Amino acid sequence: MNNSKKSFFVALPFIAPFLLLILFFYFVPVVLTFIMSFTDMDFSLRWNFVGIDNYVKLFRDQNIGIVFMNTIKYVFFTLIINVGFGFLLAVITTYFIKNENKGLLFKTIWMFPRMTPAVIYALLWLWFLDPTESGMLNMLSNKLFNLPSQNWILNHPMTVIVIANGMIGASLGMVVFSSAIKSIPKTYFQVASVDGASDWGIIRYVIIPFLKWPLMFMTIWQTLSLITSYEYILLITDGGPLNRSEVWSLYSYHKAFKNYEFGYGAAISMVLVIIAVIIAIIMLKLFGYDAMMNKNKIKKE
Amino acid sequence: MKKFIKQLIFLMIITTLSLTACKKNEDKNADSTSASGMEEIVFEVESYGSPADSTRVSNLQEAADELNKILEEKGDNRRIKVNASHVSSGYDEYNQKFIFAHKSGQGADIRTISHADIAMMAEGEYILDLDDYVNNSEWSEYVKDIYPNLWDATKWGTKIYGIPQDTEARPVFFRKDILRELGWSEDEISSLPERIKNGEFTLDDMTNLAKEAVDKGVAKFGIYHRPNNGAFFVSMIYNFGGKLFNEENGKLVFDRQAIKDTLNYFYDISQVEKVVPDGMTSMEWRQIHQDWVEGNVLFWYGGTWHWAEYQEVEYHSELGKLSEDYMFENIGYALIPAASKEGNPVTLSQPYVYVINSNTKYPDLAFALVAIASQPNYNVKHAIGSGHLVISSTAAEDSTYKENKFLSDVQYMLDYTTIQPNHPEMSKLTSALFKAIQGVEMGEYNPDQAIEWLEEQVKNDIEDIEFIN
């Protein structure tokens with residue numbers, strides 16, 4: 001047995017549980033969804049094969065255009081908040097706030113939404129955006145700017161779901177980026193200061209280059225996660241009003257579980273799987289994944 | 001090599017332990033036989049509806065005692081125990097949970113569902129065909145008085161798949177206090193239901209009156225309707241003379257003219273006259289009920305069950321639950337006004353029905369339990385407590401029921417009632433229709449664009465539908 005084979009079998013007991021999890025909860029569902037997408041499975045849950053009918057139906061569906069555009073807008077803008085705002089929070093709480101306890105306090109506050117069950121988080125947003133005079137945002141806009149009450153979800157559904165998702169996603173970015181900033185040897189900051197670098201200069205030429213890997217990881221991770229996630233949208237706007245916040249994954253859910261078109265819903269999901277794989281490959285190429293996986297260039301003293 | 005074998009054995013042990021942890025499902029209706037030779041059969045029963053509708057299952061629990069006595073008298077050693085669950089939100093999820101449970105041999109033994117889901121449940125073989133039990137069993141006697149038109153609502157094809165549990169009507173409620181503020185006399189107010197019944201007061205009159213109330217500042221909004229997909233919108237298609245089902249070929253029908261008139265109506269009340277908020281289809285139920293009970297809205301397209309709900313749930317921020325006296329003083333009810341002077345007023349009933357899981361081990365006892373719970377004493381209790389109408393002529397003659405002023409007042413509505421067709425794809429049609437109505441109410445589409453969108457959507461969603469002009 002050669003060395004690589006041997007090391008594989010040595011590692012097998014340790015990675016087997018995770019391999020099994022991935023097999024049962026990712027590959028098996030993907031294969032089942034793929035097969036299901038060639039059936040007209042409905043409420044009777046029968047596997048009647050209909051060839052590529054569902055894919056033909058998909059291209060004729062008049063809602064697909066708006067759903068596609070909504071998905072792009074949702075992923076793009078939420079990603080900016082998740083990664084951009086997450087990075088900003090990390091810099092503020094780790095670089096600018098020197099007192100670790102204070103930084104930790106702010107980080108903990110930002111982590112609260114992530115610790116809150118999704119339904120409660122969505123309910124808080126619904127109460128905050130309540131369209132009546134007693135809605136918190138309406139009260140604030142009325143008191144501060146003398147603006148009349150408005151139905152925020154009805155008038156700005158996409159903005160609402162982007163902000164609601166962005167706020168919760170930014171906390172993950174903040175934690176990852178904060179740890180990465182902490183791992184940069186202090187000497188780099190000291191040398192930069194001695195050389196007269198401003199805070200912006202330090203962020204631009206020290207922090208960002210060292211955070212390229214975490215930035216790449218968070219961007220890919222959040223993009224893939226946003227493409228497939230819909231729980232907050234379901235709970236806050238349910239894709240409405242009138243498809244205005246309907247995204248691809250939610251559309252698949254609606255077709256499968258509201259209309260009982262499981263075959264068609266599976267076909268919509270399969271497109272999502274293909275798009276997700278393509279995006280992941282493009283992003284890995286863009287960020288130079290191979291170079292990133294080389295040995296760490298930071299030499300600790 | 002030895003090391004590798006050790007690791008392999010370790011992996012196998014872990015896998016075996018994991019798999020043995022997956023417990024085998026217990027048998028349905030798990031029964032136990034006691035030392036006295038009695039066999040206890042457990043029925044899981046579930047229902048959906050507002051909190052006031054929980055008698056849908058509690059009646060079954062009470063009926064179990066009666067059934068056990070009958071079994072004892074017959075020398076049958078089986079005894080029934082009922083585990084009940086009542087759900088008040090998420091009707092789609094309520095059905096989905098059952099469908100998935102059914103596929104693994106589980107799911108409640110007896111359920112209440114809307115008659116509109118009979119076709120889907122029967123076609124999917126989730127529920128039992130009850131024809132023989134209804135017509136030729138020892139329990140047939142208990143259900144023989146149920147109104148014939150309610151049996152029609154339980155059929156898919158020619159077979160009966162459910163036992164009617166209750167029925168209702170969808171009236172339009174109006175605020176008497178707002179009409180008084182508009183200068184209406186008590187006689188004018190009390191004669192409004194009769195004028196609507198006679199076709200003298202039409203939908204246009206209703207819209208105009210609503211506008212007057214809003215313009216004069218005596219109502220915040222003129223008209224409220226439900227905020228999500230539901231049977232009410234179908235009743236408006238019927239009101240405009242529409243047809244949704246071809247009984248000859250069993251196909252759904254897309255009646256262009258009636259649907260367009262319906263879309264015109266909703267466009268008119270929201271975008272032209274502005275008596276309905278343009279965000280009506282995004283409002284929360286609780287907000288709608290609160291606005292209504294607090295007298296902020298003149299008309300409300302509700303259901304008879306709301307009469308009981310407002311006495312059960314604290315929607316009013318000051319009064320909490322409403323007393324029936326307050327309601328009679330301030331709230332009136334009538335049929336939905338006719339769309340034109342020549343037309344007839346309408347309402348729509350969506351009877352709830354008991355259905356029996358096709359996986360149940362004891363279908364005879366399940367049917368017996370439902371049959372007993374369909375007797376007038378149980379049915380009247382449910383009707384009065386929940387604002388529904390009774391299912392049989394004998395129940396309608398019950399003295400307690402007759403004494404209930406509200407239910408006696410609305411009983412005549414059943415003469416004007418309609419029902420949705422039983423078809424497995426009906427929900428796709430109503431779901432698309434709701435989106436089109438939402439589109440016109442929000443001003444996203446005008447009625448012409450909406451009908452075009454709807455037609456395209458229906459063609460894509462439903463394979464076999466007939467289009468008529």
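**Exercise 1: The four-stranded sheet**

Task: Work out which order the four strands of the open sheet in chain B follow.

Solution: Step one is to trace the open sheet strand by strand, which gives the order E9-E12-E8-E13 in chain B, with mixed pairing. Here helices (H or I, at least four residues) and strands (E, at least two) are DSSP runs, numbered from the N terminus, and two strands pair if DSSP finds at least two bridges between them. Step two is to find the edges: strand E9 (221–224) and strand E13 (331–334) of chain B each pair on one side only. Axes here are lines fitted to C-alpha atoms, for helices over the stretch in contact, and angles run from 0 to 180 degrees between N-to-C directions.

Before going on, please note that this is a predicted model: local features need pLDDT of at least 70, side-chain atom pairs count only at pLDDT 80 or more, and totals for chains, interfaces and linings use all residues. Residues are numbered from 1 along each chain as its sequence is written, while chains are lettered from A and ligands numbered from 1 in the order in which they are written.

**Exercise 2: A helix and its cover**

Task: Decide which residues of helix H12 (residues 256–272) of chain B are buried, and which elements cover them.

Solution: A residue is buried if 20 or more other C-beta atoms lie within 10 Å of its own, exposed if 12 or fewer, and partly exposed in between, with C-beta atoms placed from the backbone. The buried residues of H12(B) include Ala258(B), Ile259(B), Leu263(B) and Phe266(B). Among the elements covering the buried residues are helix H10 (203–215), helix H11 (231–239) and helix H22 (447–461) of chain B.

Now take one partner, H21(B). Two packed helices are described by the angle between their axes and the distance between the axes. For H12(B) and H21(B), the angle is about 35° and the axes are 8 Å apart. Leu263(B), Phe266(B), Tyr267(B) and Ser270(B) in H12(B) meet Ala436(B), Ile437(B), Val440(B) and Glu441(B) in H21(B); contact means that C-beta atoms, placed from the backbone, lie within 7 Å.

To finish, step past the end of the helix: H12(B) is followed by Lys274(B), whose phi is positive, near 55°.

**Exercise 3: Two domains**

Task: Find how far apart the centres of domain 1 and domain 2 of chain B are.

Solution: Begin with the bounds, which come from an automatic or database domain assignment: domain 1 is 32–168 + 350–416 and domain 2 is 172–349 + 422–468 of chain B. Taken over C-alpha atoms, 30 Å separate their centres. The contact takes 25 residues from domain 1 and 22 residues from domain 2 of chain B.

**Exercise 4: Chain A**

Task: Determine whether Val119(A) is buried or exposed.

Solution: First, the setting: chain A has 15 helices and zero strands, and buried residues make up 32% of its 301 residues. Val119(A) sits in helix H5 (residues 118–128) of chain A. Val119(A) counts as exposed because it has 11 C-beta neighbours inside 10 Å. Lastly, Val119(A) and Leu235(A) are 116 residues apart in sequence, yet 7.0 Å apart in space, C-alpha to C-alpha.

Notes
Two residues are in contact if their C-beta atoms, placed from the backbone, lie within 7 Å.
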